Amino acid sequence: MKAKVYFTREITEENVVKLYKALGITLPGKVAVKIHSGEKGNQNYLHPEFWRPMVDEVAGTIVECNTAYGDASGGVRDNTDSHWKLLEEHGWTKYFDVDLMDAEGPDAVFDIPNGKVLKKNLVGKNILKYDSMLVLAHFKGHPMGGYGGALKQLSIGCASRAGKALIHSAGKTDDRYETWKQHADKVRFPEAMADAAYSVVEHFKGKIAFVNVMKNLSVDCDCCMVAEDPCMKDIGILSSLDPVALDQACIDLIWNSDDPGRDHFVERVESRNGIHTIEAAADLGLGVRSYDLIEL
């Protein structure tokens with residue numbers, strides 16, 4: 001069966017809510033809202049004011065986890081103290097309840113018995129406090145994964161600092177200082193991301209929804225302090241209950257675009273084997289790649 005993916009070309013705060021409501025789901029209980037809070041210095045991330053109507057709609061709590069990098073990258077989100085300061089600087093704590101899910105250990109462990117690469121996923125332990133999840137993704141490129149969308153938010157986004165190291169090293173180490181020496185190849189890294197994403201969706205099965213916003217389309221991620229400026233014009237907002245179909249639809253909109261910056265974006269995705277994350281996730285049964293695009 002094909003998945004339903006809803007789409008609007010007009011990017012507004014109100015249309016994010018409209019696309020969510022089109023899914024016909026009511027997320028129960030305490031709702032975790034996964035966003036990307038933006039690295040210090042990044043100019044492309046989507047600000048809290050943009051997401052505010054959507055977060056208010058579900059009375060959600062913003063959730064994030066610490067990163068596995070820092071030091072050499074200049075990033076400040078790799079430890080709890082400086083990460084909290086940045087969350088304040090970027091305005092997240094001004095508008096929302098915010099939960100840095102791996103601020104205190106031990107991590108929660110999600111088993112992945114059918115994983116292609118990983119047999120366990122380490123996530124911030126506070127994820128266990130929530131009954132449902134709304135994944136709000138800024139769709140854009142990524143220096144290592146090729147692109148970042150719903151699947152990246154589920155995998156690297158929900159993983160603790162140790163979990164991120166485990167994904168990047170394809171299960172070899174959860175030590176963030178060692179992971180960069182053992183970084184996985186262009187097959188095992190996307191597969192590890194798919195494994196991790198699968199475990200989070202299984203945890204919230206039937207109680208999770210996804211929105212991707214195709215705005216500020218840089219080939220770099222919001223995790224970059226110095227990101228390349230957007231190379232393409234904004235495309236729109238998409239939503240689905242299927243993260244595989246959702247990311248596939250976004251990729252297809254890029255591939256079918258006549259925007260002059262399209263080739264640059266495609267090169268980033270293809271050079272990192274980014275589509276393999278979608279392929280691996282579909283193979284795991286996380287979702288399907290075929291969809292009906294319903295424009296609102």
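Just after helix H2, Ala59 takes a positive phi of about 50 degrees. The model shown here is predicted. Most residues other than glycine have a negative phi.

Helix H2 covers residues 48-57. Its buried residues are Pro48, Phe50, Trp51, Met54 and Val55. Seen down the axis of H2, these residues fall within an arc of 135 degrees, so they line one face of the helix. An α-helix has 3.6 residues a turn, so residues three or four places apart point the same way.

Strand S1, residues 3-8, pairs with S12 in the parallel sense over five bridges. Ala3 has Tyr291 of S12 as its bridge partner.

Ser239 is found in strand S11, residues 236-240. Is Ser239 buried or exposed? Its relative accessibility is 0%, so Ser239 counts as buried. The side chain of Ser239 reaches the backbone oxygen of Leu19 at 2.8 Å. Leaving out residues up to four places away in sequence, Ser239 touches Lys4, Val5, Tyr6, Leu19, Tyr20, Leu23, Phe210, Val211 and Leu246.

The loop between strand S10 (208-214) and S11 holds Asn216. Asn216 is not a glycine, yet has a positive phi of about 50 degrees. Asn216 counts as buried because its relative accessibility is 19%, and the cut-off for buried is under 20%.

What about the cysteines? A search of the whole structure finds zero disulfides. Cys223 is in none, and the nearest cysteine sulfur, that of Cys221, is 3.3 Å away. A disulfide would need the two sulfur atoms within 2.5 Å. Cys223 is buried, with a relative accessible area of 15%. For Cys231, the closest cysteine sulfur is in Cys224, 13 Å away, and that is too far for a bond.

Most peptide bonds are trans. The bond from Gly105 to Pro106 is cis, with omega near -5 degrees. Pro106 sits in the loop between strand S4 (98-100) and strand S5 (108-111).

Move along the chain to Val117. This residue is in the loop between S5 and strand S6 (120-123). Val117 counts as buried, at 14% relative accessibility. Which residues does Val117 contact, leaving aside its neighbours within four places in sequence? They are Ala170, Arg188, Glu191, Ala192 and Asp195. Val117 and Ala196 are 79 residues apart in sequence, and their C-alpha atoms are 9.5 Å apart in space.

One of the contacts of Val117 is Ala170. Ala170 lies in the loop between helix H6 (161-168) and helix H7 (176-179). Phi of Ala170 is near 55 degrees, a positive value in a residue other than glycine. Ala170 also counts as buried, at 5% relative accessibility.

The last stop is helix H6 itself, where Ala165 lies. Ala165 is buried, with a relative accessible area of 0%. Leaving aside neighbours within four places in sequence, Ala165 is in contact with Ala68, Thr173, Asp174, Asp175, Arg176 and Thr179. Ala165 and Leu122 are 43 residues apart along the chain, and 9.5 Å separates their C-alpha atoms.

How values were computed:
Residues numbered from 1 in each chain as written. Predicted model: local features only at pLDDT ≥ 70, side-chain atom pairs only at ≥ 80, totals over all residues. Heavy atoms only, no water. Helix = DSSP H or I, 4+ residues; strand = E, 2+ residues; numbered from the N terminus. Buried < 20%, exposed > 50% of the residue type's maximum accessible area, 1.4 Å probe, protein only. Polar contact = N/O pair within 3.5 Å; in protein donor to acceptor, adjacent residues only side chain to side chain. Contact = heavy atoms within 4.5 Å. Pairing = 2+ DSSP bridges. Arc of directions from axis to C-beta.
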